Amino acid sequence: MEKLGIIDFGSGNLHSVFKAFELVASKSNKDLKVEIVKNSDDLLNCDRIVLPGVGSFADCKTGLEKIDCLSQSLSDLVINKGRPFLGICVGMQLMADQGLENNPTKGFGWIEGSVELINLKSKILKIPHMGWNTLFIENNHKIIENIDLGEDGLHAYFVHSYNFYIKKKENLITTSHHEINLTSMVARDNIIGVQFHPEKSQKLGLKLINNFIEWSP
Amino acid sequence: MLKSRIIPCLDVDKGRVVKGVNFLDLRDAGDPVEIAKIYDLQGADEICFLDITASHEDRGIIFDIITRTAEQCFMPLTVGGGVRTINDVRNLLLAGADKVSINTAAITNPLFVKEAADKFGSQCIVVALDAKKINKEKENSSWEIYTHGGRNRTGLDVIEFAKKMVEYGAGEILLTSMDKDGTRSGFDIELTNKMSTSVSVPVIASGGVGNLAHLASGIINGKADAVLAASIFHFGEYTILEAKEYMKDQGIDVRID
């Protein structure tokens, strides 16, 4: 049996993330157990890893580092051992080189770029980028297979004021329009990150979760 | 681009929906979780629970309702009513709320909003303001904030106060017209428009919806980012999908997945 671990470092409620993964796992053919993991030892047993995060970049980073050896184990599993990884919201942003929310804070440096406040020229659109938006494909990827995207496609639920400005175009899977092109999905090797909340995105979210649990990078 | 949101709102007292909800084929029309599931299926963009439980000892019931809803509805959930302390915000978020709406406490202690936004992030802090129009005769309309269901005046200008709330970190403004609430005669469009064009965060229009044209007007004329309604959905007059199809016909971008 495979194990999927959702990392809990005290950033917020993971109940709906857990329930969404559990629901998808129960409907798939895969023998997969979904668990919430709170320490490095439990994380080491996981075949797939999900890192959700809400709140500020700096708070999430501090929260992770407070747990003994967790950051080191995470980096070892994801970077050296190639375990499939999904970062959600701030969990995606943490993969950047740095985040500029509140105090400049170093990220994992897994995907080149930095996380900065969304700066819109017009005063018409609002920040936070809050609500349902569509996704436009920049690079194809297994994670979006069989999901209807583009202008008339399915919607994802977003709520954020900071954007992951990435350096290498090849890491960009989808963007979402909000005056500028916001980074909505990134990937590299065995790593995926989504700015939106799949656990709150009804159809699109559950399909994406299904693709992640079936993904062999 | 972002779609205009439709948000059904449920008043919950001691874990039960009040003001009656009248759906067909519902085993328990008073159970907020059952109703939330239906709105989820109909394609609601968010659900809002307003906890009106008065007695302190019964206030914990809402947590179980939120948890059970978040387990079954994979959509955003906003919860308000009696939120006064950082611990209240934390407990609601931990139960499964995505956003917490702060009303009276924002008026009596504005810095509470700042503290909550600093602690949990602006993305989950909604400030709910109830306003009544004053100086109705004059050309330049203004609106005053009222608390306690419209009973208490505050002397505060709602637009100026909302701007201050945004400065303090509010991520969204839920604006209710006390003149229109319960009248089914449509939103206070002038107020909604003034608010939407004055603050940099999304605005949810509330109070007065009696038909689908009112919802569309809140977006088109009021420039709101989202529209909130209760009775027109609760009594089964319209489904969320019907509302969205109507709005789409009016040229509004809505999500129909």
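This passage describes the interface between chain A and chain B, and then a pair of helices in chain B, in a predicted model.

The two chains meet through 32 residues of chain A and 36 residues of chain B. The size of an interface is often given as the accessible area lost when the parts come together. Here, the area buried between chain A and chain B comes to about 2700 Å², with carbon and sulfur atoms giving 55% of it. On the chain A side, three residues deserve a look: A:Lys126, A:Met130 and A:Trp132 supply 27% of the area that chain A buries against chain B, more than any other three residues. A:Lys126 also takes part in a salt bridge, its side chain meeting that of B:Asp225 at 3.5 Å, N to O. In total, 2 salt bridges are counted between chain A and chain B.

Turning to chain B itself, helix 1 (residues 32-42) packs with helix 2 (residues 61-72) at an angle of about 30°, and their axes lie 9 Å apart. Because angles under 35 degrees count as roughly parallel, helix 1 and helix 2 of chain B are roughly parallel to each other. The crossing of helix 1 of chain B past helix 2 of chain B is right-handed. From helix 1 of chain B, the contact draws on B:Pro32, B:Val33, B:Ala36, B:Lys37 and B:Asp40, which meet B:Ile65, B:Arg68, B:Thr69 and B:Gln72 of helix 2 of chain B. By residue class, this helix 1 to helix 2 contact in chain B is made up of 4 nonpolar, 2 polar and 3 charged residues.

Key: Residues are numbered from 1 along each chain as its sequence is written. Chains are lettered from A and ligands numbered from 1 in the order in which they are written. This is a predicted model: local features need pLDDT of at least 70, side-chain atom pairs count only at pLDDT 80 or more; totals for chains, interfaces and linings use all residues. Side-chain values use heavy atoms; hydrogens and water are left out. Axes are lines fitted to C-alpha atoms, for helices over the stretch in contact, and angles run from 0 to 180 degrees between N-to-C directions. Helices (H or I, at least four residues) and strands (E, at least two) are DSSP runs, numbered from the N terminus. Angles under 35 degrees count as roughly parallel, over 145 as roughly antiparallel, 65 to 115 as roughly perpendicular and the rest as oblique. A crossing is left-handed if the near helix is turned anticlockwise from the far one by less than a right angle, and right-handed if clockwise. Contact means heavy atoms within 4.5 Å. Ala, Val, Leu, Ile, Met, Phe, Trp, Tyr, Cys and Pro count as nonpolar, Asp, Glu, Lys and Arg as charged, and the others, Gly among them, as polar. Buried area is the accessible area (1.4 Å probe) that two parts lose on being put together, summed over both. A salt bridge is a side-chain nitrogen of Lys or Arg within 4 Å of a carboxyl oxygen of Asp or Glu.
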